[in-house]
Amino acid sequence: MSVAMHILRTLIAYSLVLATLTAPYSRTFPKTNGGCYPLWSRFHDYCYRYFGDPMTWQRAEDYCQRYDVNDQVAHLVSIHGKKEQDFVYEMWQSTIIDPGLNRKDFEPKDVNRANGLWIGLEDQEEESHWHWTDNSTTHGFDNWRWYEPDNEDEDRTGVGEDCVHIYQHTYPWFWWYGDWNDVKCDRVMPFVCKMPIDL
């Protein structure tokens, strides 16, 4: 075989590998788990995936949109009921707290891991007009912490709080489990993406 033919075959092989690696996720892997792809979990008619790499709210939303099924892209998770809220919260909690660890010994100093998880709710365009990134309606469900949303910047920098996270925080006498809180969008946190199942 000539050197030119060997180079041509090598280039073709590399281009096939590159095409496979850069192909959309939904076309690269077989469906599992009732219509979801590997590492995604099904709940009712949607697939969910936790991503632990902390990002700003917008970067997280952009990252979710890298995944698609039947031309419907994933978005930061929208939550429409208590069961879905519990599902998302447990998905997150199962990744950050060792089951053998006593909660009173857990020191959540890392805000990115312990104190927040981005969801797809925001009011960046119009204050107090909350909008899910997947354009779904709220269905009358919310899980705001009792004095939220307040648009009050705890750092007192004058920048409003337009993005929402699921909150977990500890004080010596209690935990807040899964309440929603509005915060500045430039904070970095892990997140959950959501997309329709592929049947």
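Q: Two strands pair if DSSP finds at least two bridges between them; how do you know that strand E1 and E2 pair?
A: In this predicted model, E1 (residues 41-43) and E2 are joined over three bridges, in the antiparallel sense. The cut-off is at least two bridges, so the two strands count as a pair.

Q: What makes E2 and E10 a pair?
A: Here there are seven bridges, again antiparallel. With at least two required, E2 and E10 therefore pair. Among the partners are Tyr-48 and, in E10, Lys-194.

Q: Why is His-75 called buried?
A: Its relative accessibility is 14%. Buried means under 20%, so His-75 falls on the buried side. This residue lies in strand E5 (residues 75-76). Leaving aside neighbours within four places in sequence, the contacts of His-75 include Glu-61, Thr-133, Val-192 and Lys-194.

Q: What makes a residue such as Trp-40 or Phe-191 part of a nonpolar core?
A: A member must be a buried residue of a listed type, Trp and Phe among them, joined to others through side-chain atoms within 4.5 Å. Trp-40 and Phe-191 belong to the largest such core, of 22 residues, and are among those with the most contacts inside it. Strand E2 (46-55), helix H3 (57-64) and strand E10 (189-196) each supply at least two of its residues. E10 gives the most, with four. Another core, of 20 residues, lies apart from this one and includes Phe-43 and Val-164.

Technical notes:
Residues are numbered from 1 along each chain as its sequence is written. This is a predicted model: local features need pLDDT of at least 70, side-chain atom pairs count only at pLDDT 80 or more; totals for chains, interfaces and linings use all residues. Side-chain values use heavy atoms; hydrogens and water are left out. Buried means under 20% relative accessible area, exposed over 50%, partly exposed in between (1.4 Å probe, protein chains only). Contact means heavy atoms within 4.5 Å.
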